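Here's a walk through how the pieces of this fold pack together.

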Amino acid sequence: MIRRKNILKIAIDSPAAAGAGTLAKAISKHYNLFYLDTGKIYRFIAYLKIKFPKKFNNKFIKSKIKSLKMKDLTNKYLVTDEVGIEASVISKIKSIRKMVHTFQINFAYNPPKKYKGSCLDGRDITYKIVPDADFKFYVTANLNTRALRRYKELKEYKKNISYKEVLKSIKKRDKSDLNRKISPLKKTKDSLLINTTNLNKRACFLKIKKIIDRKININGNL
Ligand code: C5P
C-alpha cells in the first residue's frame, strides 16, 4: 500500500452525535484535508444488509466496498436511526471490520495529491486506523445534549420521530460501541478531550484550530 510522506493526519474518535463530524468537516476544509466519516461506511454496510438480506455475505460486502464511491455515502437513508442501530450491530463483526479497515487506512495514508493530508472520525481511529496521527482528539458531549442534537437532525428526515426514541437509541449505541470486544470506543491517553456540551460549532472549531496552529508553528514543516 502506498503511504504518502509529510502529510498532516488528524484522527478523531467520539460517541454518537457529539459533534465530531461537523468539527472534522470544518477542520478538513480549513487545512485542505481529505475527510472521511468512517461511520458512514458501517452505515453503508448496514444499508446493504437491510436492502439485500439474502445476498449479504462477506463476498458481497467486499465487492461493494471495492467499488465504493464517495457519493454512495451521501445517500440520505444512511443518516436514519434504523441504519445507525444496524451499523452498531454489524460493526461488531470481525471480518467486516477488517474489510473496512483496509479501505480506511488507504484513505488516511494515501489521500489524493490535491490534499495536504487526511482527517478521519469514528470509534477506533486514534488507536487502530491512524495510531501515528499528528493530532488525536476525543470529542464528546453529555448524553442529553447529544440526543437533542441528533433529534433535531433526524427531525429533518422523519417528522414523527420523538426525542425519547432518539435518546433510547443513542444509549443503546453507546452501550454497544463502548463495551464490544473488538475496537470499542475509547479515549486514548494521547488524545485531547474536547467536550462540546457548552460550545457552539464555531467555538469548537476555534479551539481545535488553536491547538493545531500552535504545533504547526513550532514544527513549521507539518
Ligand atoms: O458515526 P456513526 O454514528 O455514524 O456510526 C454508526 C455506527 O458505526 C456506530 O454506532 C459504530 O457502531 C460504528 N462505527 C464503528 N467504528 C467506526 C465508526 C463507526 O464501529 N470507526
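A crossing of two helices is called left-handed if the near helix is turned anticlockwise from the far one by less than a right angle, and right-handed if the turn is clockwise. By that rule, helices H7 and H8 make a right-handed crossing. Keep in mind that this is a predicted model.

## H7 on H8

Let's stay with that pair. Helix H7 covers residues 143-155, and its axis comes within 9 Å of the axis of H8, with a crossing angle of roughly 120°. H7 and H8 are therefore oblique to each other, since angles of 65 to 115 degrees are the ones that count as roughly perpendicular.

Which residues make the contact? From H7 you get Leu 143, Asn 144, Arg 146, Ala 147, Leu 148, Arg 150, Tyr 151 and Leu 154, and H8 answers with Tyr 163, Val 166, Leu 167, Ile 170, Lys 171, Arg 173 and Asp 174. Sorted by class, this H7 and H8 contact has 9 nonpolar residues, 1 polar and 5 charged.

## H4 on H8

H8 (residues 163-179) also has a partner in helix H4 (residues 81-90): here the axes come within 10 Å and cross at roughly 15°. With an angle like that, H4 is roughly parallel to H8, because anything under 35 degrees gets that label. The crossing of H4 and H8 is left-handed.

On the H4 side, the contact uses Asp 81, Gly 84, Ile 85 and Ser 88, while H8 brings in Val 166, Ser 169, Lys 172, Arg 173, Ser 176 and Asp 177.

Now for the strands. There are 5 of them in an open sheet, ordered S2-S3-S1-S4-S5, with parallel pairing. Strand S2 (33-37) and strand S5 (192-195) sit at the edges, each pairing on one side only. From one strand to the next, the twist averages 20°.

For a look at one pairing, take S1 (residues 8-13) and S3 (residues 117-122), which run in the parallel sense over 6 bridges. Lys 9, for instance, has Ser 118 in S3 as its bridge partner. Helix H1 (residues 20-31) lies across S1, S2, S3 and strand S4 (135-140), and runs at about 165° to S2.

Helices H2 (residues 39-51) and H5 (residues 94-109) pack with their axes 11 Å apart, at an angle of about 135°. That makes H2 oblique to H5, and the crossing of H2 and H5 is right-handed. Ile 41, Tyr 42 and Ile 45 are the H2 residues in the contact; those from H5 are Ile 96, Arg 97, Val 100, His 101, Phe 103 and Gln 104. The contact of H2 with H5 has 6 nonpolar residues, 2 polar and 1 charged.

Arg 97 sits in helix H5 and Asp 124 in the loop between S3 and helix H6 (125-129), so the pair ties together parts that are 27 residues apart in sequence. The total count comes to 10 salt bridges.

Note on methods. Residues are numbered from 1 along each chain as its sequence is written. This is a predicted model: local features need pLDDT of at least 70, side-chain atom pairs count only at pLDDT 80 or more; totals for chains, interfaces and linings use all residues. Side-chain values use heavy atoms; hydrogens and water are left out. Two strands pair if DSSP finds at least two bridges between them. Helices (H or I, at least four residues) and strands (E, at least two) are DSSP runs, numbered from the N terminus. Axes are lines fitted to C-alpha atoms, for helices over the stretch in contact, and angles run from 0 to 180 degrees between N-to-C directions. Contact means heavy atoms within 4.5 Å. Angles under 35 degrees count as roughly parallel, over 145 as roughly antiparallel, 65 to 115 as roughly perpendicular and the rest as oblique. Ala, Val, Leu, Ile, Met, Phe, Trp, Tyr, Cys and Pro count as nonpolar, Asp, Glu, Lys and Arg as charged, and the others, Gly among them, as polar. A salt bridge is a side-chain nitrogen of Lys or Arg within 4 Å of a carboxyl oxygen of Asp or Glu.
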